[in-house]
Amino acid sequence: MAKVKLMDIAIARSGDKGDGSNVGIKARTPELYQFLKETLTTEKVKQHFSEICFGDVTRYELDNLNALNFILEDSLGGGGTETLIMDAQGKVHSLALLFMEVDVPDHLLA
Amino acid sequence: MSDKTVLIANGQGFWGDSLLGPKRLVEEGPLDYLTLDYLAEVTMSIMQKQRLRNPEAGYATDFVSMLKEILPTCQQKGIKVIANAGGVNPQGCLKAIKAVVKELGLTGIKIGIVEGDDILDQIPELIKSGEAFNNLDTGESVDKILDRLSSANVYIGAKPIADALDQGADIVVTGRATDPSVVLAPLIHEFGWSMDDYDRLAAGTVMGHILECGAQCTGGNYCDWKSVPDFARIGYPIVEVKEDGTFTVTKHDNTGGLVNIDTVTSQLLYELGDPKGYLGPDCQTDFTTIQLAQDGENRVKVWGIKGSAPTPTYKVSMSYENGYKIVGQLTYTGPDAVAKAELAAQILFDRVALYGTPIPEEDRFVEIFGTNVCYKGIVKQSEEPAEVLLRVGAKSADKNLLNLLGREVAPLITSGPVGVTGFAAGRPRPTEIVGYWPALIDKTKVTTTVTVEEV
């Protein structure tokens, strides 16, 4: 097992969805995607964003793209058009997710 | 099956995108259709206000000045232009385009205008006829905002745009058409795709989704940014489309940026909800059916897309006036930069209260950059940042109250804690908050019109 940040094994992009954001994350290999699918639960993501996301977290799977899509409700301080926060559209929620540390089996990193 | 390939590009992904995109796209390589996407939720409301002040305004003026630059090349090469630049005044946009055509001394240019998306004036009668316009996200009743409504536009589909192209239009301008519609429409026109051929319509929708943010699928906003060559000359995206709906995402040769499976996937994931049910006016698209493969340098092949019948409703984007907001900025330096910034914010709110009316706690806003605002609770913050940026402000229905706050920001420099600088931006002013209200409307209640006029 090796402790790595998600940014070492995945890429991501995020944007606004009403008063929340979506964070799409794509694994760098199909094997790492299977690992992410097992590891990256909605609970884990909700916990990771505990000081940013105050609503529900929903997860969708896109096996065809080796990608997961998370919806983070109530994560923009009131919504894209009303909020005063700098990251009004959740543009960097993608990188925020990639800061998460996970234990990855060594053979997946070879 | 015909061997014909249709080339469609997006040259501007939003109102304010670089003018270099469309200019270079029409000049640097082959192209059949240039599409431009201008309208975000807030945009319509801004345009509605502009039109109230000036009946000639209320459309994307950037589009017209951009056209002036590219129209001679487009006419010479036969490149058609499609844009949702009409805002709340497509006829005003038409008038401005005509003036540009005349100014350039061009003739024989056909301009198509698609209207019918703007239903602001019809809202009362539509409600009487049974349309609820409840908030799609929260379920709330529209009564709550009816007296503050500032715009209401239906997201219309590709068919009326395709009709304008069928009538020979060289330029098509719409109001609030969906972003993918401007890409799907030329394919319906070129290949004669049927409006119940949902797999093909879904393929066109996916193309639109990939293209709609311009260079965001050719290396812009991409995690592996160090691998992106020549950002300054980044190529804007092009799809090469076959009759069967399979397509290749690419960019012109000798441009910067890159197109690979990861750059395309990143954009597919952008602003995505439930991937199995991507709703559009013309079909529903299943994003879990999309297949991607690298097909040479800067070429990604896309196929396998499945669609299904659309819902009987269109989405409506409504906006309403929801008070005012203000944010001011000051820079505080250490030692104790954070403590001083926090104190300055408190002094500011206390001083506003001295005028008579305190701003309620819940309407106040303080954000101190340098303390990991964007990664709150995720990245450990440094113990003692040497400098921080204080963003301080409030929301209120009372514009004058916010003006007081705006006036009291600069005085903090001489009458607050030491170590403050950076007031170059001047006094902050309150701006209107535009509330966003998504809703649905029965498709049978919406009538779109298409006119094509030769100049």
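How much space lies in the largest cavity? In this predicted model, the largest cavity holds about 50 Å³ of space. The structure contains 1 cavity of 30 Å³ or more. Its lining is made up of residues of chain B, namely L20(B), G21(B), R24(B), L25(B), E28(B), I234(B), G235(B), Y236(B), H252(B) and T255(B). Divided by class, the residues that line the largest cavity comprise 4 nonpolar, 4 polar and 2 charged residues.

The interface between the two chains was examined next. In total, 38 residues of chain A are in contact with 49 residues of chain B. The size of an interface is often given as the accessible area lost when the parts come together. For chain A and chain B, the area buried between them is about 3600 Å², and 60% of this area lies on carbon and sulfur atoms.

Side chains of opposite charge can pair when their charged atoms come close. Between chain A and chain B, 2 salt bridges are counted. One of these salt bridges joins K26(A) to D262(B), with the closest N and O atoms 2.8 Å apart. On the side of chain A that touches chain B, two or more residues are contributed by each of β2 (10-17), β3 (20-27), β4 (57-62), β5 (67-72) and α3 (93-98) of chain A. Of these elements, β2(A) provides the largest share, with 7 residues. By class, the side of chain A that touches chain B consists of 18 nonpolar, 10 polar and 10 charged residues.

Salt bridges were also counted across the whole structure, which holds 26 of them over all chains. Among them is a pair within chain A, in which D103(A) forms a salt bridge with K3(A) and the closest N and O atoms are 3.5 Å apart. Because D103(A) lies in strand β6 (residues 101-104) of chain A and K3(A) in strand β1 (residues 2-5) of chain A, this pair ties together parts that are 100 residues apart in sequence.

Two features of the backbone of chain B remain to be described. A cis peptide bond, with omega about 5°, joins G334(B) and P335(B). P335(B) is located in the loop between β14 (313-333) and α10 (337-354) of chain B.

Terms used: Residues numbered from 1 in each chain as written. Chains lettered and ligands numbered in written order. Predicted model: local features only at pLDDT ≥ 70, side-chain atom pairs only at ≥ 80, totals over all residues. Heavy atoms only, no water. 1 Å grid on protein atoms, 1.4 Å probe; cavity = no way out; pocket = protein on both sides within 12 Å on 5 of 7 lines; lining within 4 Å. Points joined across faces, edges and corners; volume = space filled by probe spheres on them. Nonpolar A, V, L, I, M, F, W, Y, C, P; charged D, E, K, R; others polar. Contact = heavy atoms within 4.5 Å. Buried area = accessible area lost by both parts, 1.4 Å probe. Salt bridge = Lys/Arg side-chain N within 4 Å of Asp/Glu carboxyl O. Helix = DSSP H or I, 4+ residues; strand = E, 2+ residues; numbered from the N terminus.
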